[in-house]
Amino acid sequence: DFHSFQAQFQQRLAKGFLALVSYTLARSLDNISNESDLKLQAVQLNPKNDRGASDFDIRQTMTAAFSYTIPGQQGLRLLRPVTNGWGVDGVAIVRTATPVNVTFSSDLGFGLTDVRPDLVPGVPLYLDDPVAGGGRRFNPGAFVIQQDYPGRQGTLGRNAMRGFPLSQFNITARREFRIYESLKLQFRAEMFNIMNHPSFAD
C-alpha cells in the first residue's frame with residue numbers, strides 16, 4: 001500500500017534563471033519488500049505479523065535544482081571576454097531515514113533463520129552517543145530474545161526502527177566559450193556534498 005502527497009514548483013527560464021523544487025510526503029506498507037524470502041519461517045508464517053514499513057519507505061523527500069546564467073558585461077567591450085559566459089548550477093537532496101529491521105539468528109533445527117526480538121517496555125529504542133555515526137545508536141537493552149517459543153516473531157514490528165536521514169548539496173560553476181556559431185566549449189568545476197555533511201549507512 002502506497003499513499004503520497006506530491007507537490008512541485010517550477011520556475012521556467014527567465015532572465016537566465018531556472019528552478020525546480022519537488023516535495024513528497026509518502027508512506028509505503030507491505031508484508032515483504034522482496035519477490036521471495038530465502039528465510040521463511042517454517043514454524044509459523046502469519047503475514048499479518050510481518051506487515052510494516054516497506055524496505056524502501058521514505059516518509060519525506062525534497063529535491064531542488066537551479067541553473068543561473070550570470071548576465072555578462074554588455075557596456076565595456078574590453079570586459080566582455082572576462083565577464084560573459086559564466087553560470088552556476090545546484091542540486092539539493094534531503095530525505096528522512098529508511099527503515100531498519102532488527103533481527104537475530106535462531107537455529108530451529110533445520111538451519112538458521114532470522115527472528116525479531118521482543119520489546120522491553122519502557123526502555124528507549126535509541127541512545128544518544130556523540131562518538132557514534134549520526135550521534136545516536138540503537139539501544140540493545142530495549143530488546144530481549146524470546147525463550148517461550150523458538151521461532152516466534154517478537155513484539156518488535158518489522159522495519160520498526162529507522163536509520164539516518166540524508167542531505168546533500170552539489171554545486172557547479174561553469175564558463176562557456178563560443179568558438180563558432182554552432183560550436184561551444186565549456187569548462188566546469190563541480191563540487192559534490194559542498195557542506196561536507198556525512199551520510200551514514202543504516
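Predicted model: local features only at pLDDT ≥ 70, side-chain atom pairs only at ≥ 80, totals over all residues.
The protein contains one helix and 15 strands. Along the principal axes, its C-alpha atoms fill a box of roughly 85 × 35 × 30 Å. The radius of gyration of the protein is 26 Å, whereas a compact globule of 202 residues would have a value near 17 Å. Of the contacts between residues at least 6 apart in sequence, 62% join residues that are at least 24 apart.

Buried residues account for 24% of the 202 residues. The accessible surface amounts to about 13,700 Å², and carbon and sulfur atoms contribute 59% of this area.

Lys15 is placed in the loop between strand 1 (residues 2-14) and strand 2 (residues 17-30). Lys15 counts as exposed because its relative accessibility is 82%, and the cut-off for that class is over 50%. Asn193 lies in the segment that follows strand 15 (residues 183-191). With a relative accessible area of 22%, Asn193 is partly exposed, since buried residues are those under 20%.

Key
Residues numbered from 1 in each chain as written. Heavy atoms only, no water. Helix = DSSP H or I, 4+ residues; strand = E, 2+ residues; numbered from the N terminus. Rg over C-alpha atoms; globule rule 2.2 N^0.38 Å. Buried < 20%, exposed > 50% of the residue type's maximum accessible area, 1.4 Å probe, protein only. Contact = heavy atoms within 4.5 Å. Areas by Shrake-Rupley, 256 points an atom, 1.4 Å probe, with all protein chains shown as cover.
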